[in-house]
Each structure stands twice: as structure tokens, then as C-alpha cells.
Amino acid sequence: MAAMLSIEELTHHFDGLCAVADFSLTVEPGELVGLIGPNGAGKTTIFNLITGVFRISQGRIFFEGQDITRWPSYRITAAGIARTFQNIRLFKDLSVLDNVRLGGFARHGYNIWQALLHSRGFRREEQAWLRQAYELLERFNLTRYADTVARHLPYGEQRRVEMARALISGPRLLLLDEPAAGMNDAESQALIQLIRDMQRDFGLTIILIEHQMRVVMDLCQRVKVLDFGMTIASGPPREVQHDPAVLEAYLGKDGALAE
Amino acid sequence: MLQVLGQNVLNALQLGSVYALIALGYAMVYGILTMINFAHGDIFMVGAYLSLAAAVFLLGLPFKAPLPFVFVGALLFSMFLTALLGVTVERLAYRPLRQAPRVSAVITALGVGLFLENFTLAMLGPQPRHFPGLIPMQPWNIFGLTLTPLQVLIILLAALLMVLLDLLIRRTLLGMAMRAISYNRPIVPLMGVPVDRVISLTFAVGSAIAAAGGLLYGLAYPVLDPYMGIRIGWWAFIAAVVGGIGNIRGAMLGGYILGFVEIFTPVLLPASTYRDFVAFSLLLLLLVFKPTGLLGRPMFERV
């Protein structure tokens, strides 16, 4: 059986500056892999390359055995890869419910005529879509915000809206970009549980970018460490934590990784 | 007195319907690309000529085609081909400039407009063409008002098209995608929305509606010339701005307002030559006091 995701020798430059160098990663179904490294190491760039936000000039990406290297973003999303964003990217002027509904765009197949005529198929699909959106709001504890305009939501809630929006597209691979950013201990503890539940209930494979080591340690079976676009270490988090190259990247010569 | 007023209201509604149909195209493209498609008035002109071509062809058939059939045939033919024209213009002229400064696209739009005018001129010559009458003109008398079947048809068909478009925007996936693009374009593809296709469809719908406007205009004011799109295009553009550029319902409202301005200026002021003056003054005043237009802001209504 093919791997869920297989990235082969990905390289990406910004104006001559190497953002990602020769990056390879294979993720098996059901895995939860961490992507860590100092700021500017190229982690988010890798997410942008996977989801087609940036054009890939070198290297290839396979999703469930299909070569998606040249696919446009909308096809990649429809194929089953969803993501959240480091700096929250909601439709700020739309309600929370509509934000979540929009995430399901790729899965819906009624045509213009059905919609204009308000046909039964259209109504059934709309209702199923709405029900699913409400279920996700419920799960993420957002029900009372359903009609609130997204920009009025507290930061943490906005992050959860992004996750709900990612899940409604029915992904098999979920890319989480710093979901714990700005969270305190109790909040990130809750987040860890939420991600675990999500993975179990939706049968997800997850790649996680995260700075909070505690979250990474608790969740990831293995991690890749990037620095200036280069992969400097990979393996189970406990081992990587003591890798001299990693310590140096994070803290200079003789530090210890804070837990 | 009341009869004169009523009669003018009818005339204003008729003309306003046409302006509204064209203004929609400006609003839709602005809503989704924040670009003013200055070629839109000329796309309307091509739509009028295509309607004329289809009507003349259908009337010239060896058997005598019933007039309603000719009307519907001309309408569908010109809506379809004009939609194709709109999509082609976007594909060839605007899409390559999507990342360029907005000014480049606007200048290109002006160029496309000139091209369409002069292409039509080169093909058909400068002499105006007469639009054959397809809809009975004998008036009905109701409460002292004269009302022609054509007037009724124009007002109702325009209203029907606008209701359909409003439903399309508010209810369908396409409309949802259009609104999403107007709110936050970069992340829309990541929701699984094929942005280029949505933009193409926006141009198709806007152009098809302008073509319907072209046919109705040709029936009501049955003289076509290659430059007719300029003045009408400007008026429709003002209508879109008055209503709140980018706002669909605003464009409809603005269209009717401009229809009233055009019809009532000669009634209230000494000469019809004041009408452009009045229309543009209205625009300036409005922009001073309400820069976003009457229904400004939210590009499209909420989902």
C-alpha cells in the first residue's frame, strides 16, 4: 500500500534564498509527524508547497500514490489535504458558521440549476452540509458563536474555527501550522487532547508544525527538525531532543531543549 | 399632470431596467477582482449587434417564424455568444495581468473597449442599423397611461434576470465562491474552490446579462451604432458606483435611479442636454457624502 504522503527531494528558493533544501518525508496512514525548527527554518514553506500555494520547481510530492506536484490548490484540497494557518486566515467578515460551511465547498456537487430551482437534491445536500457544520461547531465548542462574525472572536476560538473549517472538507491528511501558538499551559493541554480526539474520530494523518515542545513531545511519534531549510535531524522526539545539531540550532553550542 | 408623471415613471423603469442589467456586470467584476471592466459597455454593444444578427437571420427564414420564437432565439443566441466573448476577453486580456498593478488592467480594459468598437466599425461600417420590431407596439390604455407590451416585457424580463442572479449569488456554490473570493482571495483555493473557473463564470454571467440588456435596448431604442456602448456604458458604470460598486443589489438600485435621472431631467429642467450634467453631479455629490455608494461595503451580502 502506498504511503499517505511522500515528499521527494523538495527544494524551494525565494529570490535566490534557499528556503527549503532537499527535503524528503514519507508519512504513513495514521501517523502524527512533527515538523520543528527555529523561526524561518522553512516549515510553513513546506506546507505551502504541499498545498499548492507555491509552485514547486524542484522535487515531487505524492499523495496516496498520486503525483500532486503540479496540481492547483483547489484540486489538492478536494483530493483530501486540509490545513490551518500560522496567522489565522478566516473570512473575517463572514459568520463562524459560514466560514465552516465554506470549507466544505469541494465536497458538494449540486449544479446551478438545482440550486436555482431549489430541487430536492439541493435541499438534501444543503441540509447535510449545514448539519455537518453544526456538528463540527459543537465538537469545537463553538456553537454559541455560530452567527458571530469571525473577526469578533477571541484568538483561541478563531484557531478552533480554522480546524473545524479544515475538517468539513473531509480530509485524510491534516496539516496543522502552530495550533498552540499563543496558548498557555492549560490551553495547550486541552489542544493536545483535541488533536488526539480529532485524529481518532476522523481517521486522520497529521503533520504538525509547533514551537511548544510539550505539545510536540506529547503528540508526535516522530519529528523532523529543520534549520535554514535543511533537515538537521529526524526521529522520535525524545531522541531528537538530545541531538547535538538540534541543540545548537535552537540554543547555540551548549544549551538544553526546554521541555 | 398625474398621467404625465405616471408615464414618465414607466419610461424611467424601462430605461432603468437596461441600465441595471449592464451595471450588474461592472459590479460583479469589481466585486470579485476589484477591477473596473471599462470594456463592459462595449460588450453590451456587441450583445445588441448579436441580437440584431440573430433576429434578422430568424426573420429571414423561408417559413414565417413566430415573433416570440424569434425573440427567444435572439436572446439565447446573443446571451451565449456574448458570454463567450466576456470569457475570452478575461482569458486573453485580463488574466495575464492578474498580478500586475491594477492600473495596467484598467488601461487594458479601455483598450479592449476601443478594439471592440473599432472591430465592429470595420466589420459593419459606421451607418446605424435599424433593429426590427419583434414585440407588438400597439399600446394598452390603463388609467390614462399608455403601456406597450414591449415596456412590460423589458421591465419584467429585466426583473426576472435580476431575481435569478440574486438567487445565484446568494444560494449557489458559484455565488458562495464569488463572495468568498471578494472577501479573501488568497485562501479561497485552499477551500477547494477553482478560482480561475469562478472568475470565468463571473465574466460569462455578467456578459450574458449585458447581452440581454442589449437586445432589450435594441427593441426599445431601435438604432444601433458601434459607439452606443460608450454613453450607455458610462451611465451604467455611474449606476454601479451610485449603488455601491461591487454590490449586486446596489447596482440594480443604481440602474433604476439613473433611469429616473435621465427621464426626469428634461421634465424638470429646460432641456435634455442637462441630463449628463445632472447624472454626474449626482455622482459627485454622492461620492462626497457617501463614498461607498448607497449600499456600499460588503462586496456581496453575507452567506
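Two residues count as in contact here if their C-beta atoms, placed from the backbone, lie within 7 Å. With that in hand, take Ala23(B): leaving aside neighbours within four places in sequence, it is in contact with Ala236(B), Ala239(B), Ala240(B), Gly243(B), Ala251(B), Gly254(B) and Gly255(B). Keep in mind that this is a predicted model. Here's a quick tour, starting from that residue.

**The nonpolar core**
- Ala23(B) belongs to the largest nonpolar core, which has 171 residues.
- Along with Ala20(B), Leu24(B) and Ala239(B), Ala23(B) touches the most other members of that core.
- Helix H1 of chain B, residues 2-33, is the top contributor to this core, giving 16 residues.

- Chain A splits into domain 1, made of 1-80 + 173-259, and domain 2, covering 95-170.
- Going by C-alpha atoms, the centres of these two domains of chain A are 27 Å apart.
- Where they meet, domain 1 of chain A puts in ten residues and domain 2 of chain A puts in eight residues.
- On the domain 1 side, helix H2 (73-79) and helix H7 (185-202) of chain A are the elements giving two or more residues.
- H2(A) has the largest share of that side, with three residues.
- Sorted by class, the domain 1 side comes out as six nonpolar, three polar and one charged.

**A sheet in chain A**
- Chain A has an open sheet of four strands, in the order S2-S1-S4-S5, with antiparallel pairing.
- At the edges sit strand S2 (17-27) and strand S5 (66-67) of chain A, each pairing on one side only.
- Strand S4 of chain A, residues 58-63, is joined to S5(A) by two bridges, and the two run antiparallel.
- Phe63(A) has Gln66(A), in S5(A), as its bridge partner.
- Helix H1 of chain A, residues 43-50, packs on the sheet and touches strand S1 (5-14), S2 and S4 of chain A.
- The direction of this helix makes about 65° with that of S2(A).

**Where chain B meets chain A**
- The contact between the chains takes 22 residues from chain B and 23 residues from chain A.
- On the chain B side, the elements giving two or more residues are helix H5 (149-171) and helix H6 (173-183) of chain B.
- H6(B) provides the largest share of that side, six residues.
- By class, the chain B side has 17 nonpolar, three polar and two charged residues.

Notes. Residues are numbered from 1 along each chain as its sequence is written. Chains are lettered from A and ligands numbered from 1 in the order in which they are written. This is a predicted model: local features need pLDDT of at least 70, side-chain atom pairs count only at pLDDT 80 or more; totals for chains, interfaces and linings use all residues. A nonpolar core is a set of buried Ala, Val, Leu, Ile, Met, Phe, Trp, Tyr and Cys residues joined through C-beta atoms within 7 Å. A residue is buried if 20 or more other C-beta atoms lie within 10 Å of its own, exposed if 12 or fewer, and partly exposed in between; C-beta atoms are placed from the backbone. Domain bounds come from an automatic or database domain assignment. Ala, Val, Leu, Ile, Met, Phe, Trp, Tyr, Cys and Pro count as nonpolar, Asp, Glu, Lys and Arg as charged, and the others, Gly among them, as polar. Two strands pair if DSSP finds at least two bridges between them. Axes are lines fitted to C-alpha atoms, for helices over the stretch in contact, and angles run from 0 to 180 degrees between N-to-C directions.
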